[in-house]
Amino acid sequence: MSEAPAAPPAASADGAPDAGPALLLRPPEPRAGWRLLPARVVAMCAVELQKLRHDRTELYTRAVQPALWLLITGKAFAAGVKSLIQAVVVIVIAALLGVALSWNPLKLLGVALAVVLASAFFSCLSMTIAGIVLSRDRLMGFGQAITMPLFFGSNALYPVSVMPGWLQAVSKVNPLSYEVDALRGLLLGTPAHPGLDFGVLAVAAALGIAAASSLLGRLAR
């Protein structure tokens, strides 16, 4: 018995024989320019989501980071509120002793802002040191070793003009000097640089919060 004749290859719409499986090996046609960018964006998003699906550590880390910033920020400005209460007591005592102070409401708000920003910086500085040394005894020692030079290296006791050159350089990078300058200008009317003072205090507070936040994990362990 003879075998049945093989079926002829199917013809395509234009009359050419169908290539069959060879069509599957043909590379896709390039997309138009306006369709290329959205396709790449979607592909990149799909790749990143696949990474999060297999390793969720990054997702958890990013979820915790805002909470850490809020807790550090919260502690820093809680210290600012405490310092603000102390500042009110000092101002009241100074007024009772007859010290001529400015009672302009806007200037008093500026005093409050300067105190809060400076206190936030020094509070975060303390937390940063604690995150590095991880010991209460060491914290007290390092804290005194840093706080006292910052105090004597500022313009709180002596004018910057009478300081030696190296101490003037320290005073210019010391946030306490800018707090003292702002408070004197607001309360006593002495020459000051409010824009520079508050700008330095704001940057110092932000850097302090960032440094303390990066070490909060060490404090929690």
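Predicted model: local features only at pLDDT ≥ 70, side-chain atom pairs only at ≥ 80, totals over all residues.
# Reading how helices pack

Tutor: Let's start with a crossing: α3 and α6 cross in a left-handed way.

Student: Okay. How many helices and strands does the chain have?

Tutor: Helices (H or I, at least four residues) and strands (E, at least two) are DSSP runs, numbered from the N terminus. Here you get eight helices and zero strands. Reading from the N terminus, the order is α-α-α-α-α-α-α-α.

Student: Back to α3 and α6, then. At what angle do they pack?

Tutor: For α3 and α6 the angle is about 165 degrees, and their axes are 9 Å apart. Under 35 degrees counts as roughly parallel, over 145 as roughly antiparallel, 65 to 115 as roughly perpendicular, and the rest as oblique. So α3 and α6 are roughly antiparallel to each other.

Student: Which residues of α3 and α6 make the contact?

Tutor: Contact means heavy atoms within 4.5 Å. On the α3 side, look for Lys107, Leu108, Gly110, Val111, Ala114, Val115, Ala118, Phe121 and Phe122. On the α6 side, Pro175, Leu176, Glu179, Ala182, Leu183, Leu186 and Leu187 take part. We then sort by class: Ala, Val, Leu, Ile, Met, Phe, Trp, Tyr, Cys and Pro are nonpolar, Asp, Glu, Lys and Arg are charged, and the others, Gly among them, are polar. This contact of α3 with α6 comes out as 13 nonpolar, one polar and two charged residues.

Student: Where do the axes of α3 and α7 come, and at what angle do they cross?

Tutor: Helix α3 covers residues 105-133 and helix α7 covers residues 194-214; their axes come within 8 Å and cross at roughly 30 degrees. That's why α3 and α7 count as roughly parallel to each other. Their crossing is left-handed. Among the α3 residues in this contact are Gly110, Leu113, Leu117, Phe121 and Cys124, and α7 brings residues including Phe198, Leu201, Gly208 and Ile209. The classes here are 16 nonpolar, three polar and no charged.

Student: And how are α6 and α7 placed, parallel or oblique to each other?

Tutor: The axes of α6 (residues 175-187) and α7 come within 9 Å and cross at roughly 140 degrees, so the two helices are oblique to each other. The crossing of α6 and α7 is left-handed. Pro175, Tyr178, Glu179, Asp181, Ala182 and Leu186 of α6 meet Leu196, Asp197, Phe198, Val200, Leu201 and Ala204 of α7. By class, you have nine nonpolar, no polar and three charged residues.

Student: How many aromatic pairs does a search of the whole structure find?

Tutor: Rings of Phe, Tyr and Trp (its six-membered ring) pair if their centres lie within 6.5 Å; planes under 30 degrees apart are stacked, over 60 edge-to-face, and the rest tilted. The search of the whole structure turns up two pairs. One joins Phe121 and Phe122, edge-to-face, 5.0 Å centre to centre with 70 degrees between the planes. The pair of Phe151 and Phe152 is edge-to-face too, at 5.3 Å and 75 degrees.

Student: Is Phe121 buried or exposed?

Tutor: Buried means under 20% relative accessible area, exposed over 50%, and partly exposed in between (1.4 Å probe, protein chains only). Phe121 has 15% relative accessibility, so buried is the word. Phe122, at 25%, is partly exposed. Phe151 is partly exposed at 31%, and Phe152 is partly exposed at 42%. Over the chain of 221 residues, 26% are buried.

Student: What does Ser177 touch?

Tutor: Ser177 sits in helix α6 and is buried, with a relative accessible area of 5%. Leaving aside residues up to four places away in sequence, Ser177 touches Gly153, Ser154, Asn155 and Ser171.

Conventions
Residues numbered from 1 in each chain as written. Heavy atoms only, no water. Axes fitted to C-alpha atoms, helices over the stretch in contact; angles between N-to-C directions. Left-handed = near helix turned anticlockwise from the far one by under 90°.
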